[in-house]
Amino acid sequence: MHRADHHPSRRRFLNVTGAVVAAGCTSDSAQSGRHALAPAATPTPVAAMGRYQAGIMLPQPAQGNLLAVVADLCATVAPGPLLAELGQAIRTLTTGTDPRLLGLPPGDLTVTVGVGPRLVRTAGASLPGATDLPRFSRERIAPRARGGDLLMQICASDALLLPVVAAALLDQAGDRIRERWRQSARRGTNVSVGNGLTAPRNPLGFIDGIVGPHTTAEQQRDLWLAGPPTVAGGTLAVLRRMELDLPRFAALSVAEQEAVFGRRRASGVPLSGGTAASGPELGAKTPDGRYLVPADAHVRRAHATVVGVGLMLRRSYGTDEPAPGLLFISFQNDLRTFTATLTHMDTSDALLPFTTTTASATFLILPGFDRQHPLGSQLFG
């Protein structure tokens with residue numbers, strides 16, 4: 001959900017959380033006289049502290065609900081103390097000991113924090129994450145929906161937690177930050193793609209995020225930053241909110257939709273054959289010489305080997321406000337992995353004409369933290 005620029009405040013925290021409590025009371029009243037539903041399985045808690053921040057590779061599979069909050073730090077605010085406070089708040093929220101949770105069980109709640117290029121440059125102009133995203137085609141982005149100093153990615157299986165946790169974190173930051181925009185989103189049902197992997201469907205009906213750095217070796221090579229020491233254990237995130245032209249895509253035949261993606265809609269199998277988890281055979285042709293995976297198919301134009309880059313950990317979440325679409329998030333240890341891929345797609349990817357990007361930002365996801373090493377302390381002291 002897109003939010004206008006405003007100052008977070010304690011009053012706002014109370015208003016938001018009060019509305020949640022009121023909604024819960026209404027729900028209880030509406031259920032009176034009905035048979036009680038069987039309790040859902042309790043999600044496994046995810047530790048907030050460690051070498052890497054939670055919410056990237058853990059948990060697996062990723063939770064179904066996400067709220068991304070993008071904000072700016074006020075000019076006189078030092079990022080180090082603020083980030084340390086946010087890390088402490090994340091620890092108490094994820095362990096269920098923060099009274100601002102209003103008694104809600106945290107379950108598999110994760111909060112992942114990143115800092116934007118402006119803040120990274122204050123620590124070192126040559127550091128990973130110091131470079132802004134370039135502009136691309138098919139963008140319609142308001143000034144306040146481009147860039148930002150601070151990302152708080154909040155994920156949980158329980159969607160009720162997201163606004164409550166966001167209100168608590170904004171209350172913790174107080175007037176030291178100004179919110180730019182926020183977006184709530186959700187993932188589709190996970191589908192097995194083989195090799196013990198699962199991936200969800202996107203709002204266009206196709207299985208999304210099949211290819212990625214799944215093994216430890218791939219993650220060390222393409223996901224996690226190895227150096228310098230101030231950023232080791234972090235990664236780089238790209239957020240892109242897009243509107244989708246769902247009616248025009250739905251008007252295509254299934255075969256035409258599959259040609260756009262280069263995969264079968266029902267199974268995720270590449271048009272060249274094999275399994276969903278296997279890569280497409282980009283050189284495979286029909287007897288009359290046509291590529292089985294069309295030249296402008298998304299899986300070809302975005303293929304890491306074709307582009308000449310590493311793998312991205314890609315996540316797509318469906319949105320319904322401010323318009324039907326998706327929130328795309330990728331994690332990689334080299335921003336060129338994303339920029340070169342989208343530049344290659346820009347020339348002739350059959351999927352892009354169905355998209356319009358309305359928000360865009362990149363962040364250095366900070367290394368993990370613990371009690372001795374507060375969040376952000378490697379970078380900002």
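Buried here means a relative accessible area under 20%, exposed means over 50%, and partly exposed lies in between (1.4 Å probe, protein chains only). The structure is a predicted model, in which local features need pLDDT of at least 70, side-chain atom pairs count only at pLDDT 80 or more, and totals for chains, interfaces and linings use all residues. Residues are numbered from 1 along each chain as its sequence is written, and side-chain values use heavy atoms, with hydrogens and water left out.

The protein contains 11 helices and 10 strands. Helices (H or I, at least four residues) and strands (E, at least two) are DSSP runs, numbered from the N terminus. Of the 381 residues in the protein, 52% are buried. The protein exposes about 16800 Å², and carbon and sulfur atoms supply 57% of this area; accessible areas come from the Shrake-Rupley method with a 1.4 Å probe, and for residues only the protein chains shown count as cover. Among contacts with a separation of 6 or more, 75% are between residues 24 or more positions apart, where contact means heavy atoms within 4.5 Å.

The buried residues of helix 4 are Leu 161, Leu 162, Val 164, Val 165, Ala 166, Ala 167, Ala 168, Leu 169, Leu 170, Asp 171 and Ala 173. Helix 4 reaches 18 Å from its first C-alpha to its last, close to the 18 Å expected for its 13 residues at 1.5 Å a residue. The expected span of a helix is 1.5 Å times one less than its number of residues. Gly 174 follows helix 4 and has a positive phi, near 60°.

Helix 2 is likewise described by its burial and span. The buried residues include Pro 79, Gly 80, Leu 82, Leu 83, Leu 86 and Gly 87. Others in the buried set of helix 2 include Ala 89, Ile 90, Arg 91, Thr 92, Leu 93 and Thr 94. From first C-alpha to last, helix 2 reaches 24 Å, close to the 24 Å expected at 1.5 Å a residue. Just after helix 2, Gly 96 takes a positive phi of about 80°.

The axes of helix 2 (residues 79-95) and helix 4 (residues 161-173) come within 10 Å and cross at roughly 145°. Axes are lines fitted to C-alpha atoms, for helices over the stretch in contact, and angles run from 0 to 180 degrees between N-to-C directions. In helix 2, Leu 82, Glu 85, Leu 86, Ala 89, Ile 90 and Leu 93 meet Val 165, Ala 168, Leu 169, Gln 172 and Ala 173 of helix 4. By class, this contact has 9 nonpolar, 1 polar and 1 charged residues. Ala, Val, Leu, Ile, Met, Phe, Trp, Tyr, Cys and Pro count as nonpolar, Asp, Glu, Lys and Arg as charged, and the others, Gly among them, as polar. An α-helix has 3.6 residues a turn, so residues three or four places apart point the same way.

Two loop residues were also examined. Arg 187 lies in the loop between strand 4 (177-186) and strand 5 (190-194), and counts as buried because its relative accessibility is 16%. Its C-alpha atom is separated by 7.0 Å from that of Ser 316, 129 residues apart along the chain. Leaving aside neighbours within four places in sequence, Arg 187 is in contact with residues including Gln 63, Ser 316 and Tyr 317. Gln 63 is placed in the loop between helix 1 (10-31) and strand 1 (65-73), and is buried, with a relative accessible area of 3%. With neighbours within four places in sequence left aside, the contacts of Gln 63 include Asp 108, Cys 155, Arg 187 and Tyr 317.

Some backbone geometry remains to be described. Most residues other than glycine have a negative phi, and most peptide bonds are trans. A cis peptide bond joins Leu 58 and Pro 59, with omega about 0°; Pro 59 is in the loop between helix 1 and strand 1. Another cis peptide bond joins Glu 321 and Pro 322, with omega about 5°. Leu 102 has a positive phi, near 55°, and is partly exposed, with a relative accessible area of 42%. Asn 195 has a positive phi near 60° and counts as exposed at 70% relative accessibility.
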